[in-house]
Amino acid sequence: MNLLTRKSVNQNQDDTHTNSMKTNLTIFGLLILVCISAQDIKRFDFQFDFGATISIPTTKSYETMVEFEGHPETQYKSGLGYFAEILLTYNFNNKLGLQSGVNYSQNNLRVTDNIGFFESIGDIKTNYINLPILIKYRFSNSSPFTVSGGVNLGVIINANQNGTTVIDTAGLVLPGDDIPIVELETNYSDNIKSNFKDFDFGLSFQIDYEFTFSDNYSGLVFSRFNYGILDVRSDELYGGSRYSIDKWRNMGLIIGLGIRI
């Protein structure tokens with residue numbers, strides 16, 4: 001075989017190999033397009049949620065100056081609040097999505113405070129505008145359950161304490177007949193926003209169950225746990241308030257209903 005013939009054979013082999021690669025790449029590309037087009041993905045979902053918040057106290061009991069009789073002692077218990085939110089979800093595929101939006105929520109703690117003969121019973125309510133950022137994952141295309149996790153950024157709107165202060169006269173020793181008029185029960189309502197930092201940050205975990213109304217609408221029942229990372233106190237003894245606490249993190253459970261479009 002001469003040199004010219006050998007070059008011609010090699011050229012034919014190269015052309016055949018090139019054509020084969022082009023054919024394979026074309027088939028592979030068509031398969032990708034078919035797979036993508038076969039996935040009926042709705043890229044964006046709008047969602048409106050509302051429901052109840054159950055605040056969880058960071059500290060259930062806090063005492064100061066314990067060496068003195070009648071020292072300050074405060075008890076904290078869970079209270080009910082409310083929330084409403086508008087969310088937007090971007091779906092990467094049928095299982096994975098990114099969700100964010102605007103949330104307005106009220107946190108409420110029931111508080112009992114004792115100092116000497118004085119007992120105050122009431123609520124501390126804080127209101128926040130929150131920005132939740134969640135990664136959503138559905139177990140399977142046919143599963144109604146979705147789990148989510150992410151972060152929660154908050155800005156405080158206001159904070160108030162409301163309740164009643166009672167004087168325990170059973171422990172008072174009053175002199176002679178000159179007994180002063182004592183107000184046994186008084187109501188209070190104070191703005192204590194200055195006792196809290198402006199911003200909050202925490203983690204969020206959620207599980208929801210989805211049921212279909214129609215092709216365009218579906219309903220949700222969900223529960224989300226918010227775990228505050230930042231201590232949102234601006235001072236330790238809450239100047240101007242009736243309560244003291246060691247730490248204050250916004251933690252709680254929200255239970256909600258939603259409509260997805």
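This is a predicted model: local features need pLDDT of at least 70, side-chain atom pairs count only at pLDDT 80 or more; totals for chains, interfaces and linings use all residues.
**Exercise 1. The largest pocket**

Describe the largest pocket by its volume, its lining and the strands that contribute to that lining.

*Solution.* 
- Step 1: take the volume. The largest pocket holds about 640 Å³ of space.
- Step 2: list the lining. It comprises 27 residues. Asp45, Asn91, Arg138, Glu210 and Arg260 lie nearest the pocket centre.
- Step 3: sort the lining by residue class. Seven residues are nonpolar, 11 are polar and nine are charged.
- Step 4: find contributing strands. S5 (96–115), S6 (118–138) and S9 (199–212) each give at least two residues to the lining.

**Exercise 2. The partners of strand S7**

Start from S7 (residues 145–167).

*Solution.* 
- Step 1: pair S7 with S6. The two strands run antiparallel and are joined by 21 bridges.
- Step 2: S6 and S7 form a hairpin, with six residues between them.
- Step 3: pair S7 with S9. This pairing is antiparallel too, with 11 bridges.
- Step 4: pair S7 with S8 (residues 185–191). Seven bridges link these strands in the antiparallel sense.
- Step 5: link back to the pocket. Two of these strands, S6 and S9, are also among those that supply residues to the lining of the largest pocket.

**Exercise 3. The setting of glutamate 73**

Then decide whether glutamate 73 is buried, partly exposed or exposed, and identify its contacts.

*Solution.* 
- Step 1: classify its exposure. Its relative accessibility is 25%. Buried requires under 20% and exposed over 50%. Glutamate 73 therefore counts as partly exposed.
- Step 2: list contacts, leaving aside neighbours within four places in sequence. Glutamate 73 touches Ser61, Tyr62 and Glu63, and also Thr112, Asp113 and Asn114.
- Step 3: compare sequence and space for one of these contacts. Asparagine 114 is 41 residues from glutamate 73 in sequence. The C-alpha to C-alpha distance is 5.3 Å.
- Step 4: look within the strand's range. The side chains of glutamate 73 and glutamine 75 are joined by a polar contact of 2.9 Å.

How values were computed
Residues are numbered from 1 along each chain as its sequence is written. Side-chain values use heavy atoms; hydrogens and water are left out. On a 1 Å grid over the protein atoms alone, a cavity is a set of points where a 1.4 Å probe fits but cannot get out, and a pocket is an open set with protein on both sides within 12 Å along at least five of seven lines; lining residues have an atom within 4 Å of a point. Grid points are joined across faces, edges and corners, and a volume is the space filled by probe spheres set on the points. Helices (H or I, at least four residues) and strands (E, at least two) are DSSP runs, numbered from the N terminus. Ala, Val, Leu, Ile, Met, Phe, Trp, Tyr, Cys and Pro count as nonpolar, Asp, Glu, Lys and Arg as charged, and the others, Gly among them, as polar. Two strands pair if DSSP finds at least two bridges between them. Buried means under 20% relative accessible area, exposed over 50%, partly exposed in between (1.4 Å probe, protein chains only). Contact means heavy atoms within 4.5 Å. A polar contact is a pair of N or O atoms within 3.5 Å; within protein, one must be able to donate a hydrogen and the other to accept it, and residues adjacent in sequence count only if both atoms are side-chain atoms.
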